[in-house]
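Work through the exercises below with the structure in view. Try each task before reading its solution.

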Amino acid sequence: TTLVPGTNYTLIGGTGTPHPDNHYGEAAFDSILIAIANDYAAAFPGQTLSFNDMSLVMGGRFDIDSDWLPPHCEHRLGTSLDLRLVPRGTQRNTLYKIITDGHGLSVRKEGTPPHWHLSY
């Protein structure tokens, strides 16, 4: 399903003409992401998360640079996402616990600027 913007999260990282819809995910994964954003907003009122680069509607290589080369090889199944603008300090620790302990996703730091890669 295509994840649509929500109250406690924004969708960022549109890829334009080659891939206009880059927030496609398995329905269960979409539900978990929404729950994570809601739990985070409950812990830190007024704070939202930024979800970036999930998968393409038909899957396959996620061609973020329009050159058909890696990165983003894990972004083809609708079970991973990049979380941008990860907060610092207590908020970061709480968010990590919400994601891993509360919802069972794995978290890996990657990229420049640094962001979290979440996997289902």
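**Exercise 1: Aromatic pairs**

The protein chain holds four aromatic pairs, counting rings whose centres lie within 6.5 Å. This is a predicted model. Classify the pair formed by Phe 29 and Tyr 120 as stacked, tilted or edge-to-face.

*Solution.* Start with the distance: the ring centres of Phe 29 and Tyr 120 are 5.9 Å apart. Next take the angle between the planes, which is 40°. Stacked needs under 30 degrees and edge-to-face needs over 60, so this pair is tilted. Now place the two residues. Phe 29 sits in helix α1, and Tyr 120 in the segment after β5 (115-119). They are 91 residues apart, and the pair links distant parts of the chain.

**Exercise 2: Buried or exposed?**

*Solution.* Then turn to the chain: buried residues make up 41% of its 120 residues.

**Exercise 3: Fold and confidence**

Which order do the helices and strands follow along the sequence?

*Solution.* Count the elements: there are two helices and five strands. Read along the sequence, they give β-α-β-β-α-β-β. Now check confidence. The mean pLDDT of the chain is 83, with 78% of residues at 70 or more. Helix α1 (residues 27-43) has the highest mean, 96, and strand β3 (residues 80-84) the lowest, 89. Where pLDDT is low, the predicted coordinates should not be read in detail.

Definitions and conventions: Residues are numbered from 1 along each chain as its sequence is written. This is a predicted model: local features need pLDDT of at least 70, side-chain atom pairs count only at pLDDT 80 or more; totals for chains, interfaces and linings use all residues. Side-chain values use heavy atoms; hydrogens and water are left out. pLDDT is the predictor's confidence in each residue, from 0 to 100. Helices (H or I, at least four residues) and strands (E, at least two) are DSSP runs, numbered from the N terminus. Rings of Phe, Tyr and Trp (its six-membered ring) pair if their centres lie within 6.5 Å; planes under 30 degrees apart count as stacked, over 60 as edge-to-face and the rest as tilted. Buried means under 20% relative accessible area, exposed over 50%, partly exposed in between (1.4 Å probe, protein chains only).
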